[in-house]
Amino acid sequence: MAGQSNSSNALPWLARMIAQQCAVDVRFDPKASTAYITAQRQIVLPALPADDPNSTALTLGYLVHEAAHARFTDFDAGEGAPPLQVALRQVIEDLRIEKAIQAVLPGAAGYLVGAWELVYADGQVMRPGDQPRDSVFEDLWAWLMAFCRLNALGLAAAAADLPKGRASVLYHLGEERTKACEEVFEASLLCNTTADTYDRAADLLRILRMERSEEAPPESDDDADPAGEGRDENDSGAAS
């Protein structure tokens with residue numbers, strides 16, 4: 001359709017305009033499978049199919065999300081943190097930086113919501129289930145994801161997930177420890193730095209008593225982000 005063609009032709013221009021507003025550099029790479037940031041803080045965007053009506057919304061959401069990381073994330077923070085802490089911190093950091101970018105970029109919320117709605121609809125987010133999982137960590141991660149996505153952007157899917165997520169964690173931890181998790185969730189809304197988000201993730205691990213756990217973080221970390229963070233051109237695609 002003519003409208004789709006015009007939209008596709010305008011996308012690189014629009015992406016670069018947004019990047020300029022965010023004071024970041026951007027380029028499209030036909031070989032890239034997802035968006036990422038290079039060591040030089042350049043945002044690389046995948047060249048999504050021009051005939052896919054979702055490409056524009058995904059690309060602009062990826063761009064705004066990565067621009068938020070480029071501007072607000074301290075990639076040197078949390079060096080040597082264990083994988084479980086990193087997995088929880090990624091979710092909290094996304095909440096922090098997506099709220100921050102909305103304050104400086106007009107229209108940021110709309111771009112982010114458009115991408116996240118598509119990511120949710122495509123099943124790329126590990127969401128709370130109707131029954132608790134075997135893994136308390138995965139249930140906590142899914143509940144935290146719902147909390148952060150609701151508070152960052154007001155996503156309807158996240159609002160629907162929130163009570164399921166709490167119920168699953170309650171099954172594992174009981175009322176007292178579940179309430180302690182909720183207190184950390186609320187404290188996450190006040191994080192001002194990347195170091196703060198690592199601290200809140202550590203608080204959650206202490207509640208779980210999992211500091212020395214060998215349990216792996218959820219494999220859906222990459223998919224849950226509209227775009228993964230902190231990767232360079234040589235990365236294989238796993239979130240840092």
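A crossing of two helices is right-handed if the near helix is turned clockwise from the far one by less than a right angle, and left-handed if anticlockwise. In this predicted model, the crossing of α5 and α7 is right-handed.

The contact between this pair involves Val136, Phe137, Leu140 and Leu144 on α5, and Leu204, Leu205 and Leu208 on α7. Sorted by class, the contact of α5 with α7 has 7 nonpolar residues, with no polar and no charged ones. In general, residues three or four places apart on an α-helix point the same way, because there are 3.6 residues a turn. The axes of α5 and α7 come within 12 Å and cross at roughly 140 degrees. Angles over 145 degrees would count as roughly antiparallel; α5 and α7 are therefore oblique to each other.

| Helix | Residue range |
|---|---|
| α2 | residues 55-72 |
| α5 | residues 136-153 |
| α7 | residues 194-208 |

Helix α2 has 18 residues and spans 26 Å from its first C-alpha to its last, close to the 26 Å expected at 1.5 Å a residue. Of these 18 residues, 14 are buried, so α2 is largely enclosed by the rest of the structure.

For the chain as a whole, the secondary structure amounts to 8 helices and 3 strands. Read from the N terminus, the order of elements is α-β-β-β-α-α-α-α-α-α-α. The chain has 240 residues, of which 46% count as buried. Among contacts between residues at least 6 apart in sequence, 70% join residues at least 24 apart.

Notes. Residues numbered from 1 in each chain as written. Predicted model: local features only at pLDDT ≥ 70, side-chain atom pairs only at ≥ 80, totals over all residues. Heavy atoms only, no water. Helix = DSSP H or I, 4+ residues; strand = E, 2+ residues; numbered from the N terminus. Expected span 1.5 Å × (residues − 1). Buried < 20%, exposed > 50% of the residue type's maximum accessible area, 1.4 Å probe, protein only. Axes fitted to C-alpha atoms, helices over the stretch in contact; angles between N-to-C directions. Parallel < 35°, antiparallel > 145°, perpendicular 65-115°, else oblique. Contact = heavy atoms within 4.5 Å. Nonpolar A, V, L, I, M, F, W, Y, C, P; charged D, E, K, R; others polar.
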